[in-house]
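Entries follow in the order I checked them.

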Amino acid sequence: MATTAVSSFGFVSCQRGAEFAVKQEIFASGFGLRLAFSQSGFVTFKIPTDFGEDRFLKHKWVFARTHGLSLGKVKGNQLHKLAARLWQLPAVVAQNEMGAFQDIHVWEPDAEIPGRNSFEPGISPLASTIEEALRQQGPVKLQQPQATTSRTSRLPTGRNQRVLDVVVVEPGQWWVSWHRAELPQQQWPGGIVPVKCPPQAVSRAYLKMEEALQWSAFPFQSGDEWVELGCSPGGSCQALLDHGQFVTGIDPAEVDPLLLERTNFRHLRKRTVEVRRSEFRDVDWLAADMNVVPGYALDTVEAIVAHRRVSIRGLILTLKFPDWKLAKELPEYLSRIHSWGYRDLRARQLAHNAREVCIVALRSRDLRRFRHS
Ligand SMILES: C[S@@+](CC[C@H](N)C(=O)[O-])C[C@H]1O[C@@H](n2cnc3c(N)ncnc32)[C@H](O)[C@@H]1O
């Protein structure tokens, strides 16, 4: 049997526990990528020569927070020696001589599933320390703090810049790679778009909504009308209200009293099927975050958006996967949403998602131009 020549390795950084979904997606792509090293939150693949690294880089993987091409790895137990060794890796030297790297991203795979035991994805103190050591020893232009190494004050990497990635799989074992920051999430270390969560947020769905809005640069304007299906206790509605939106939350469960105090919010305490279609007539955007299987969630949304008097321009849907195997159906879910007249579709497991994905659907790509200020 003929064997395919292997040219290089690619990596995918993902949610802890989502490796199965990543592999499923990669195999379903039919690109012929072959599984190599993997551990929680980090999966590597051999890329056959006839496939082309560029195709791997440019593909929009749903379960990849970020992805790139491998340059090697370093092992050791002393920070500064390890940093020096990294800059001496032949592949790094070769790229560096061409002035390739414009930024550095360092991160550790998640220690937990987002939301569990109060864990939220982000840049760990260890990753920040390593980044600092690497900048100190790296080329002059990377020594300038393009951004501080603090997660909250860091600036995004410039669009299309080439980034040196360092994945700290263990404190003394770093996998070195690179990527080009083409997609919004690729402008942040580990593909984790940093979002702020105010202390009064009533649920972590606040983070999910914020990340969805930022990642997709969702084109809402101040004073737009939203409806959310499955709004209780109310974090995502709260995020929308904080952006000056008018929100109707639908859920048979109670919402937090903090939300009921907000003048731009109203709660319809019902299941979605019990709500009259006329309630959706002046709605601009719809969000759904119901804890039901994807098929049922889509039936419910379709019954609203397909109604002739409803003209919702865009959707933010959270589809939950009680079983990762359901993620295989994602292309079908997307084509179903497309058939409702939403021509611009993006799907991604957000860093703050649990076992679920976020789908952003707009009637047309032209809508993307109308970003909110
Ligand atoms: C994950 S929680 C939603 C979290 C919420 N988005 C937030 O911001 O806090 C899922 C919710 O979906 C609601 N739900 C399930 N089926 C529903 C349906 N058919 N119509 C409306 N809500 C539903 C549940 O009552 C539950 O409160």
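A cavity here is a set of grid points where a 1.4 Å probe fits but cannot get out. I am working from a predicted model.

**Confidence.** I checked pLDDT before anything else. The chain averages 92, and 94% of the residues score at least 70. Residues 1-6 stay under 50.

**Cavities.** I searched the whole structure and found two cavities of 30 Å³ or more. I then looked up which elements give two or more residues to its lining: α7, β11 and β12. Helix α7 gives the most, with four residues. By class I noted seven nonpolar, two polar and three charged residues in the lining. Among them are Lys208, Glu228 and Asp289.

**Salt bridges.** The whole structure has 19. I looked up three.

Arg135 meets Glu131 at 3.0 Å, N to O. They sit four residues apart in helix α5, so about one helical turn separates them. Arg135 is buried at 5% relative accessible area, and Glu131 is buried at 1%. Both belong to a salt-bridge network that also includes Asp103 and Arg154.

Arg348 pairs with Glu211, with the closest N and O atoms 3.8 Å apart. Arg348 lies in strand β13 and Glu211 in helix α7, so this pair ties together parts 137 residues apart in sequence. Arg348 is buried at 1%; Glu211 is buried at 0%.

Is Arg276 buried or exposed? I found Arg276 exposed, at 57% relative accessible area. Its side chain meets that of Glu279 at 3.6 Å, N to O. Glu279 counts as partly exposed, at 24%.

Conventions: Residues numbered from 1 in each chain as written. Predicted model: local features only at pLDDT ≥ 70, side-chain atom pairs only at ≥ 80, totals over all residues. Heavy atoms only, no water. pLDDT = per-residue confidence, 0-100. Contact = heavy atoms within 4.5 Å. 1 Å grid on protein atoms, 1.4 Å probe; cavity = no way out; pocket = protein on both sides within 12 Å on 5 of 7 lines; lining within 4 Å. Points joined across faces, edges and corners; volume = space filled by probe spheres on them. Nonpolar A, V, L, I, M, F, W, Y, C, P; charged D, E, K, R; others polar. Salt bridge = Lys/Arg side-chain N within 4 Å of Asp/Glu carboxyl O. Buried < 20%, exposed > 50% of the residue type's maximum accessible area, 1.4 Å probe, protein only.
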